[in-house]
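Have the sequence and the 3D view open side by side.

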Amino acid sequence: MTWENFRFALFEKAPEALLEHTLIVLITIAIAILISVPLGVLLSRPKFKRFGLVTLNLLNVLQAIPGLAIIALALPILGLGMKPAVLALLFQSLLPIVRNTIAGLIEVNPNVKEAARGMGMSQRRILMEVEIPLAMPIILSGIKTATVYVVSMGTLAALIGAGGLGNLIIGGLALFRPEYLLVGAGLGALMAILLERGLTYIEYRITPPGMRF
Amino acid sequence: MIELKQITKQYPGQAMPAVEQLSLSIPEGEICVLVGPSGCGKSTILRMINRMIEPTSGTVSIKGKDASGTDPDQLRMGIGYVIQQIGLLPHRTIAENIAIVPRLYKWPKEKIAQRVDELIVMMGLDLEKTRGKYPSQLSGGQMQRVGVARAMAVDPPIMLMDEPFGAVDPIARTHLQDELLRLQKEIKKTIVFVTHDINEAIKMGDNIAIFEAGKLVQFGTPEEILTNPTNAFVENFIGHDRVVKKLSLYCAAEAMQPVGCLVSETGLPSARQKMMDAETEVAFFLNAEGKPTGYFTLAEFEECEGDLKCLRKKVLRTEGAFVQTTTPLPDALSLLLEFDSDYLGILKGKEICGMLSFKDIRRHVYRKEGE
């Protein structure tokens, strides 16, 4: 280990890798939220409730497929780069968000919904103004879980040329440079922790004072 | 006002209909209590009025208009609704909770704020302390008040209340009941009130509808129901203390008789003669200012031989000797029992206007029973 290698990894290589990694994580989580939350909402409606279990099982299976396998399978179709990486990570991140969205919505006190309906709020209004806000802490904790997954799994993206912190790790392994490994893995861990803490803070902030414990 | 015609509600997969062939007309501006054991269909009936549940057959009309012809959300916006578990939105402040229906009506902001303040004060809650709080920061009784305030926000002519005071402790419940009755005198809403507690029904209802297994068994004023229960079920449901319960419908003024004899300090020597003349065995004693302070009986008077000091010390009954004209009969009866006395003076303000004995209570109830 040399200070020079370490410095090089941290200041020359890491900024770009970190940026790429953040980009991958943000894109994946954004898409995951856009798919999962509406899906969760839909599956918690009485009309589609019966599909809930099937969908969750399907997502369970998707999550069980190793990320590496998905990357490999997606490669011939989507080619190299960020696209297959995001797809693979997406499969990993849908389940926790969908599951928590459903759980959060189901757990909303039925009396509150009944009262809202009895006052003449439309189903749409009840969803937007009552159910989602009340389920938000649970939905957010699903997003948190997914984010941490994606940050750690995201290191695999480097294998298909999507860049990110994985570049440092893979590079470090190939070149026998533990400094690179340390910087890549360390920053990955740090990023996961920071995002987790940040989302926890947001979760706290959006929980109204009357519901904090 | 609210007209239910031939309503039947059959839930799928159940042998018996939850409500069967119910026809009921709920008069305007009065409290109509739906009462019965749990599972008798009373909540279902209530919820069919605002279309939370759709009847299998039959029609509900409100002010002569068929409710099924109105958009359910619109219909509900115009009907106040209070449920037992209150259902305040936990993520909204008290002010925001009360403002829900006005917001659905798209009232301007200032008007909403003004109305919210008005309602918080009307419910006897501290305006500044309550407005910004969240439901979980209030007591059960306070939450229930907010629930009622929220239902009254746009001043709907009809309010539906499903066991509104079921979840609060007995003291708070009595308080809330009294307040609602007081409020109702001013607001004169058509209130449909569901409860399983017959005492609450007797207290709150202008009319009571008693249900058994989805069927209406009796509809009438509390007095009618307590006097003439239609069948054994109603009699049982009311309880064996039916006649005692009836007492609560009357106040002292209704059962009292005129004062037999009034005696002042100076008139004491002639008190005996006065009582004999009036053919009464009780006299009420007035102090120097002419205010009634107590009473004594002829026998007690003779014991003291008309001596003022002896009378004051030994026989003059002052404790629990007076009630107001508006005192409910059960309270008056309780005083008679508590102080082991035979008479009560009835005051209107500070003036004595009548008296009440066990006999009077008995006679009053018996007369009412015979009607």
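Among contacts in chain B between residues at least 6 apart in sequence, what share joins residues at least 24 apart? The share is 60%. Here two residues are in contact if their C-beta atoms, placed from the backbone, lie within 7 Å.

This is a predicted model: local features need pLDDT of at least 70, side-chain atom pairs count only at pLDDT 80 or more, and totals for chains, interfaces and linings use all residues. Residues are numbered from 1 along each chain as its sequence is written, while chains are lettered from A and ligands numbered from 1 in the order in which they are written.

Start with the overall form. The C-alpha atoms of chain B fill a box of roughly 80 × 50 × 30 Å along the principal axes. Chain B contains 18 helices and 16 strands. These are DSSP runs numbered from the N terminus: helices are H or I with at least four residues, strands are E with at least two. Of the 371 residues in chain B, 39% are buried, meaning that 20 or more other C-beta atoms, placed from the backbone, lie within 10 Å of the residue's own.

Now turn to one sheet. This open sheet in chain B has 4 strands in the order 2-1-4-5, with antiparallel pairing. Strands pair if DSSP finds at least two bridges between them. Strand 2 (19–26) and strand 5 (65–66) of chain B are the edges, each pairing on one side only. Strand 4 (residues 57–62) of chain B is joined to strand 5 of chain B by 2 bridges. In strand 5 of chain B, K65(B) is the bridge partner of I62(B).

Note on methods. A residue is buried if 20 or more other C-beta atoms lie within 10 Å of its own, exposed if 12 or fewer, and partly exposed in between; C-beta atoms are placed from the backbone.
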